[in-house]
Amino acid sequence: LKPRLTVFRSNTGIYAQVIDDLAGHTLAAASSKEVKTGGTKSEVAKQVGLLVASKAKSKGIDNVVFDRGGFLYHGRVKSLAEDAREGGLTF
């Protein structure tokens, strides 16, 4: 079973977690609070995508299942997903 990359988007931030559903543990997480540079919300989401991908890769996770959490695959969610792929995750 592959780990799940889940996304939560609020008005002010965006959060991504890689979760092992069998054990119920978060394996890697990143949020817009960790990103130092500003910019538009989509630019911040891209950096969160790269950050969560690098954290997951450092723990040996390459393949994940993408869970958009009911949010449309558009805008910030799409930016995060595309840059997570660019960072080395496959889904």
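This is a predicted model: local features need pLDDT of at least 70, side-chain atom pairs count only at pLDDT 80 or more; totals for chains, interfaces and linings use all residues.

Trainee: Then what is the handedness of the crossing of H1 and H2?

Mentor: H1 passes H2 in a right-handed crossing, and by that definition the near helix is turned clockwise from the far one. The two axes cross at roughly 35° and come within 7 Å.

Trainee: Which residues of H1 and H2 meet there?

Mentor: Contact here means heavy atoms within 4.5 Å. From H1 you get Lys41, Ser42, Ala45, Lys46, Val48, Gly49, Leu50 and Ala53, and they meet Arg76, Ser79, Leu80, Asp83 and Ala84 of H2. Sorted by type, the residues of this contact are six nonpolar, three polar and four charged.

Trainee: Which residues of H2 are called buried?

Mentor: In H2, residues 76–86, the buried ones are Arg76, Val77, Ser79, Leu80, Ala81, Asp83 and Ala84. The label needs a relative accessible area under 20%. Those buried residues pack against strands E1, E2 and E4 as well as helix H1. Just after H2, Gly88 takes a positive phi of about 120°.

Trainee: Why is Ser10 called buried?

Mentor: Ser10 has 18% relative accessibility, so it counts as buried, given that the cut-off is under 20%. Ser10 belongs to the loop between E1 and E2. Leaving aside residues up to four places away in sequence, Ser10 touches Tyr15 and Arg76.

Trainee: How many salt bridges does the whole structure have?

Mentor: The search finds four.

Trainee: What makes the Arg4 and Asp21 pair a salt bridge?

Mentor: The test is a side-chain nitrogen of Lys or Arg within 4 Å of a carboxyl oxygen of Asp or Glu. For Arg4 and Asp21 the N to O value is 2.8 Å, so the pair passes that test. Arg4 sits in strand E1 and Asp21 in the loop between E2 and E3, 17 residues apart, so the link is between distant parts of the chain.

Trainee: And what about Arg4 with Asp67?

Mentor: Their closest N and O atoms are 2.9 Å apart, again a salt bridge. Arg4 is in E1 and Asp67 in E4, so this pair ties together parts that are 63 residues apart in sequence. Arg4, Asp21 and Asp67 are thus described as linked in a network of salt bridges.

Trainee: Which residue forms a salt bridge with Asp62?

Mentor: Lys57 does, with the closest N and O atoms 3.1 Å apart. Asp62 has a relative accessible area of 38%, so it is partly exposed. Lys57, at 37%, is partly exposed too.

Trainee: On to the sheet. What is the order of its strands?

Mentor: The order is E3-E2-E1-E4, in an open sheet of four strands with mixed pairing.

Trainee: What makes E3 and E4 the edge strands?

Mentor: Each of them pairs on one side only. Ignoring direction, neighbouring strands of the sheet are turned by 20° against each other on average.

Trainee: How do you know that E1 pairs with E2 and with E4?

Mentor: Two strands pair if there are at least two bridges between them. E1 and E2 have six, in the antiparallel sense, while three bridges join E1 to E4, which run parallel. So both couples meet the requirement.

Terms used:
Residues are numbered from 1 along each chain as its sequence is written. Side-chain values use heavy atoms; hydrogens and water are left out. Buried means under 20% relative accessible area, exposed over 50%, partly exposed in between (1.4 Å probe, protein chains only). Helices (H or I, at least four residues) and strands (E, at least two) are DSSP runs, numbered from the N terminus. Axes are lines fitted to C-alpha atoms, for helices over the stretch in contact, and angles run from 0 to 180 degrees between N-to-C directions. Ala, Val, Leu, Ile, Met, Phe, Trp, Tyr, Cys and Pro count as nonpolar, Asp, Glu, Lys and Arg as charged, and the others, Gly among them, as polar.
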